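This report describes a contact between two chains and then turns to a third chain. The sequence and structure come first.

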Amino acid sequence: MTPRDEAPLLAVRNLLVRFRLRQGMTAALSKGPTYLKAVDDVSFDVRRGEVLGLVGESGSGKTTIGKTILRLYKPADGVIEVNGVDITHLGERRLKPYRRDLQMVFQDPLSSLNPRHTVRTALATPLLLHAICRADEVETRIDEALSRAGLPTNFKRRYPHEMSGGQLQRVAIARALTMSPALVVADEPVSKLDVSVRAQILNLFKDLQQAFNITIIFITHDLRVARYLCHRIGVMYFGKLVEIAPTEELFSAPKHPYTKALLGTLDESAATLEGQSAVAGEAFNPAADTVGCRYFDRCPLRVERCRAAHPSFEDVKSGHGVACYEWRRS
Amino acid sequence: MSDVTLSVRGLDAGFSMGGSTVMVVRDVDLDIRKGEMVGIIGESGSGKTVTGMSILRLLPDNAVTHAERIDFLGTDLLGLSAEAFRELRGRRIAMVFQDPVGAFNPAKKVEWHLKEIFERSAAKSPAHVDRAKNWHGAAIQLLKDVGIPHGADVMHLFPHQLSGGMLQRTLIAMVLAFEPDLIVADEPTTNLDNIVERQILRLFRDLQNRLDCAFLFITHDMSIAHMLCDRIAVMYAGRIVETGPTKQVFADPKHPYTQGLLASALALDTKTERLKEIPGELPSPTDLPPGCLFEPRCDFAKPECRAKLPAMSDLGGGRGVRCVLYNHA
Amino acid sequence: MAAISLKATVFEIRRNRVVATGLAITVLVLFAVTVGPSLSPYDPTKMDFTALLKPPSWTHPFGTNSFGVDVLTRVLYGARNSLLISFAGVSLGAFAGVLLGMTCAYIGRWVDATAMRFVDLLFSFPIFVLALMLMLILGFGVQSVIIAIALVYVPNFARMARNTTMVVKSEPYVQAAQLMGQSALRIMVREILPNIAAPLFVQFTVGLAFGIIIEAGLSFLGLGVQPPTPSLGVMMADGKDYFHRGPWVLTLTGAALTVAILGLNLLGDGLRDLLDPRLRRRSAE
């Protein structure tokens with residue numbers, strides 16, 4: 001399914017991203033940590049032509065990872081390598097040639113397009129900026145990009161507010177693809193779309209991925225969507241990657257108790273509602289400076305040592321990793 | 001049918017903008033019986049929220065609403081003055097919205113909110129007077145019932161100190177104390193994470209079993225409606241296109257739109273190679289198709305579909321569908 | 001952030017009486033100061049000792065002043081000068097302020113912190129005191145008035161541009177531009193500026209009104225435009241001396257000033273309501 005024995009397109013090593021919670025005087029005067037670790041010691045590879053899903057709830061750091069890989073955020077520590085080149089600390093000027101290779105499709109399609117620009121402007125800008133084609137070819141390229149994304153070419157003249165969510169997301173996808181990027185980070189690209197339009201966009205991703213062999217990091221909170229599109233899935237919980245495995249393996253043999261809990265929500269039959277524990281297991285507070293496993297408070301497998309330190313990643317088998325001391329008991 | 005708590009006939013609602021009026025809800029009929037949970041399912045712009053808000057008279061000033069009849073426990077709601085309506089709503093109807101923060105006074109602690117509800121409902125019966133006197137114990141018990149074991153601690157917190165899930169739980173405890181005859185919930189779990197969402201959905205079900213009240217649940221999520229509701233009404237572009245008992249509708253959807261929705265929403269539950277799409281986009285309320293609203297996107301569209309909007313056909317067993325394919329009568 | 005269609009805007013303007021009134025007055029004033037002077041048979045500086053301090057009449061609707069010059073003609077020329085000075089000053093202030101504010105918001109960190117404390121400092125002076133101080137440093141004359149008005153407005157525009165840029169900067173479409181590899185300058189001009197222009201435009205309109213007041217005040221004190229060149233401030237200072245013998249000079253000039261400022265203020269206030277999505281009526285969706 002995916003090519004092996006090949007250097008990864010993207011390698012992320014021990015990535016740490018922090019956000020400042022308090023600034024200046026407030027930071028000096030108040031107790032508690034000044035930073036929130038949005039992404040904490042995360043490592044993974046993405047192979048060429050692969051679709052990697054990053055799944056987690058809001059606040060799990062999945063979007064932050066995506067934006068940090070694209071260097072929209074500065075990591076506090078760790079390494080990001082694209083094609084073996086370390087881009088972690090490149091300045092904006094030296095980063096520019098790599099920008100073209102790393103594109104993003106955002107969650108909210110309306111705000112990902114400038115409200116004052118027409119579709120034509122949105123699509124022409126990257127073509128001209130990177131001199132991807134001659135000036136007299138721009139129109140043809142735009143038409144091509146639009147029809148590839150399933151839109152009629154007369155959409156060129158439209159402004160964002162004149163289009164529906166699904167159409168906007170198609171334009172955003174077309175824009176990302178005009179640069180023929182090596183890697184696309186898709187950040188919850190269907191979560192704001194209507195149910196009847198969602199399938200269209202998911203199918204568009206699938207078709208374009210297969211047609212152009214694009215490498216995608218697909219960020220979603222919905223395991224079912226991840227299963228539909230992804231070759232491998234990584235599960236995140238409050239800044240930590242807790243499990244990563246090929247899609248079918250994750251669904252058939254999950255190891256981390258959190259992955260199991262997430263999979264448990266997939267059963268749609270009414271009976272599962274009865275089995276739900278109604279007691280609120282308080283979620284981990286990311287602003288508190290806890291050293292132990294972040295899933296501790298909700299975990300059915302917890303033992304004393306889980307309190308002492310967050311478990312490091314172990315291989316269940318090749319290609320399937322889990323961060324849990326007790327995974328063998330599960 | 002004396003057990004019908006809420007009965008709506010011919011509800012239209014819209015907004016006047018720029019000198020013209022745009023109707024976003026048309027000809028909605030709805031019955032909710034005591035102890036029944038009815039789901040309105042629709043995508044954005046389908047009019048599901050406006051339907052709920054117009055029954056509760058919670059729409060902004062530029063809204064236009066009319067109906068043949070809105071009956072609530074034998075009272076004609078259309079005939080009530082604004083004041084009388086507010087009074088009735090305050091005693092008998094509870095609302096749960098997507099964002100629970102709005103239901104709380106940010107300057108008051110959780111205990112103040114619960115106490116107020118106990119005191120307000122004291123007028124209902126002598127038993128309620130007793131309960132209001134011992135409100136503190138009753139409140140802690142209710143919080144325990146909604147899965148907050150440390151109720152005594154939570155009572156001393158301000159709303160902003162609670163997470164979204166905890167707030168929604170507290171709000172459910174307040175609804176339990178309030179004992180309404182009708183609950184209207186509009187996407188109450190959309191902002192919550194999957195696991196917490198499941199827990200809250202379960203609480204809604206327990207809540208309704210316990211209060212035995214009428215419950216209107218508005219959602220865009222087919223699977224939630226599937227799990228919770230006794231009956232559903234599917235809305236498209238401002239009209240109900242299909243209605244019936246949840247199990248039957250899910251097992252055998254009649255309207256092509258319902259079929260498409262189910263196919264694209266539930267196909268993901270199992271491993272699929274390709275999702276079935278509904279082509280096209282939702283129509284804009286200012287530019288509706290002339291005949292059947294779903295005709296431009298429908299696989300089964302015939303010339304007659306474009307001619308006029310099909311009427312609701314009664315399929316028996318409480319099922320109805322607005323589509324020419326079933327227009328035998 | 002939804003863009004507003006022209007048709008909807010025209011409708012809103014017609015419905016919103018404040019904007020309509022402000023716009024009508026402003027258009028009238030602009031017409032008067034552009035076309036008006038050429039229609040007048042009189043010269044704004046030529047003295048006529050046969051007609052000193054004549055009260056308003058058909059030949060001199062606003063009367064004449066102590067040098068026998070037609071007051072209406074001087075008001076038209078004076079208002080034109082006042083408006084031009086104010087426009088130049090506010091434009092300069094807007095340009096510098098927006099540049100400063102956007103740069104601060106975009107770069108952030110210590111640049112932002114330092115520049116914004118300086119802006120706070122400027123803000124803490126009463127506007128007129130600040131203008132007076134600047135005049136003492138810069139010396140008298142038209143150029144100095146323009147620079148004074150500009151400096152008074154730099155903090156206003158800087159703060160507004162900074163705050164709105166901060167909001168727009170985190171919008172996904174700006175991040176998308178960054179991902180395309182657009183330079184910071186290009187992103188600021190092409191992506192951010194068009195989206196923060198509306199509130200700045202409102203500020204500009206209101207600023208124009210206060211710029212006229214500052215000009216009039218400084219010229220009234222003799223620090224700005226020097227007589228015999230007409231400006232509303234110069235004329236009011238002039239009219240003040242002869243108030244008992246010819247009250248029309250001061251009152252009618254003052255009235256003209258008031259009308260111009262009222263028009264601009266109404267227009268600015270109305271536009272603020274019109275362009276602020278939070279104040280617009282909620283539309284159905």
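How much area is buried between chain B and chain A, and what percentage of that area do carbon and sulfur atoms give?

## Extent of the B–A interface

The model is predicted. About 3,800 Å² is buried between chain B and chain A. Carbon and sulfur atoms give 48% of that area.

## Polar and charged pairs

Between chain B and chain A, eleven residue pairs are in polar contact, with both residues at pLDDT 80 or more. The salt bridge count between these two chains is one. This salt bridge joins the side chains of Asp207(A) and Arg274(B), with an N to O distance of 2.9 Å.

## Make-up of the chain B side

## Chain C: overall form

Chain C has ten helices and zero strands. Read from the N terminus, the order of its elements is α-α-α-α-α-α-α-α-α-α. The C-alpha trace of chain C spans about 75 × 50 × 30 Å along its principal axes.

## Chain C: a nonpolar surface patch

Which residues of chain C make a nonpolar surface patch of about 430 Å²? The patch consists of Leu92(C), Ile137(C), Leu138(C), Ile147(C) and Leu151(C).

Two or more residues of the patch come from each of two helices of chain C, H5 (127-138) and H6 (142-169). Leu92(C) lies in another element, helix H3 of chain C, which covers residues 71-107.

## Summary

The interface between chain B and chain A buries about 3,800 Å² and includes one salt bridge, formed by Asp207(A) and Arg274(B). Chain C is built of ten helices with zero strands, and a nonpolar patch of about 430 Å² is found on its surface.

How values were computed: Residues are numbered from 1 along each chain as its sequence is written. Chains are lettered from A and ligands numbered from 1 in the order in which they are written. This is a predicted model: local features need pLDDT of at least 70, side-chain atom pairs count only at pLDDT 80 or more; totals for chains, interfaces and linings use all residues. Side-chain values use heavy atoms; hydrogens and water are left out. Buried area is the accessible area (1.4 Å probe) that two parts lose on being put together, summed over both. A salt bridge is a side-chain nitrogen of Lys or Arg within 4 Å of a carboxyl oxygen of Asp or Glu. A polar contact is a pair of N or O atoms within 3.5 Å; within protein, one must be able to donate a hydrogen and the other to accept it, and residues adjacent in sequence count only if both atoms are side-chain atoms. Patches are made of residues with over 30% relative accessible area and no salt bridge: like charges are joined within 9 Å, nonpolar side chains (Val, Leu, Ile, Met, Phe, Trp, Tyr) within 5 Å. Accessible areas come from the Shrake-Rupley method with a 1.4 Å probe; for residues, only the protein chains shown count as cover. Helices (H or I, at least four residues) and strands (E, at least two) are DSSP runs, numbered from the N terminus.
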